[in-house]
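Hi there,

Here is the structure I promised to pass on.

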Amino acid sequence: MARGTLHDRLLLALLAVAAAIRLVFLLEVARTDLVAVHLLDAETYHTWALRLVAGDFGWEETYWMGPLYPHLVAVVYRLLGPDGVAVQAVQLAATVLNVWLLHRLATALLRSGGEVGAAPPVALLAAALYAFYGAPVFYAGFLLMATLVTTQLLLVAWQAVRAQDRPTVRRWLVLGLLVGLTGLARGNVLLLVATLPLLLVGRADLSWRRRALLTAVLAAGALAMVAPATLRNVLVARDFALLTSNGGVNLYIGQLPHGEGAFTPALERPDAENDPSLELTLEGEFGRDLKGSEVSRILTRRAWQVFRENLAAMPRLYLLKIWRFWSGYELPQIEAYVWWREVFTGLKLLPVPYTIISALGLVGLAFLPRRARLVVLVVVLSYFLSLLPFFPTSRYRQPIAPLLAIGAAAWVCALIGARCRWRRAPTRRSRLVAGGTAAGLVVLLWPAWTALPPGEITWQVKLHESSRAARLGDLRTTLARAREAEEVRPGLAETPFLLARHLEDLGAWTEARAAIAQAAARAPH
């Protein structure tokens, strides 16, 4: 059997196994209310998509979140209807596509660096590591944009390799368009407009005029893609906002020392989720309606004020955020992967932890060819730095996991040495250093160091189950899950307060009044 044929068959087998596992998970999650009832961000996307299908394009409202994802969800709703698991099925199929894209990207990276012989084994191993990493599969089961952004970032990195190999105006324009398109989903990605020109540094074959032209073309492409959203905000909402108006509140949350580097409500009140953007609070404070950009600017100034007032606490806070971003713990915000992975068989079949991808991936970058390493570093570090002022969660860091998997695969192949057919096989000393460094990073990034208390996770899960039961009209389950939440974290005002809201939705007024009285007794304010 030819070597190329064997490699192709192994890749096909990997994709088939990955698809089968994802099908198992889809069939499992489809039988639960996780898909039937959307919460928080997923609810926003669902409602937004339904409005788009109905012809409502959000008059007089500035985009609060990236517009690309809900518009794509609306397309699926239009074609297949808003009920069922159509979006989840499309996203789980996209996770298989991402495995293939990762394989192609790894191959392109190594071949661009002259490591043709090492490309097949490294690319296949990188694809396998990512294919069996469970968090991307879990979040693909919800109306969340993590899967879409992962696909987009892989395409950006792939085009960056092509633009680096042959720096033509056309290739850099396409790169800018892809960055701008990704920015329509997650605005923080636009930092790449400033950092991707680093790929041109050191190119003696390019004059400074040529590098300046390519940089301008990159920026023009990104701006051309983002401009319709900006224009829509100006014409429809009468508000000049480049993309969205949620940057200020997220920046403010990212500076709160008591948040310990994780997401925490901006308001320290049981009813904080009633005003997640703080728009209502600020409008009450200022006594007038505020545009989205005004709210964002006010909160940006207050974030800076909090930063200055807590300057001594900031080094620890930012170290915690860095630690949480790179550590193996899957930090939850909306849904907790660490909880549900013990429930779904499809997730149990995906054993690769983020610790391995992160620790080995960072060390393994040293074994990539210089040009390949530069591409991965620019994309990964730009994405990381763009999130650092805010807060990390499992789904926020997910898009760079495929790129880290390339480094992890390079690390494994470097330890194997000549079997991976490097042009210059790593020396024994470099392999020992890499092995020791990776072992140290695995210990440093081990999940237990940054894990939230198990009771806090259980409390969140049970309250979400109570909320979903209320929306389905199930009073008995609503009360039962709230009691379970109370048992794991007794005495909190949030538990009876949120239960009261769920009971109100059900029309259970007697129980709702009792719950709100209990909440008021625990937190009179």
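A salt bridge here is a side-chain nitrogen of Lys or Arg within 4 Å of a carboxyl oxygen of Asp or Glu. By that rule, the structure holds 17 salt bridges. Please keep in mind that this is a predicted model, with local features needing pLDDT of at least 70 and side-chain atom pairs pLDDT 80 or more, while totals for chains, interfaces and linings use all residues. Residues are numbered from 1 along each chain as its sequence is written, and side-chain values use heavy atoms, without hydrogens and water.

One of the bridges joins Arg-302 to Glu-285, with the closest N and O atoms 2.5 Å apart. Arg-302 lies in helix H14 (residues 292-309) and Glu-285 in helix H13 (residues 279-286), so the pair ties together parts 17 residues apart in sequence. Helices are DSSP runs (H or I, at least four residues), numbered from the N terminus.

Arg-481 and Glu-484 are three residues apart in helix H24, about one helical turn. Glu-465 is buried at 16% relative accessibility, whereas Arg-481 is partly exposed at 26% (buried means under 20% relative accessible area, exposed over 50%, partly exposed in between; 1.4 Å probe, protein chains only).

Lastly, Leu-381 sits in helix H19 (residues 370-387) and is partly exposed, at 38%.

Best wishes

Technical notes: Helix = DSSP H or I, 4+ residues; strand = E, 2+ residues; numbered from the N terminus.
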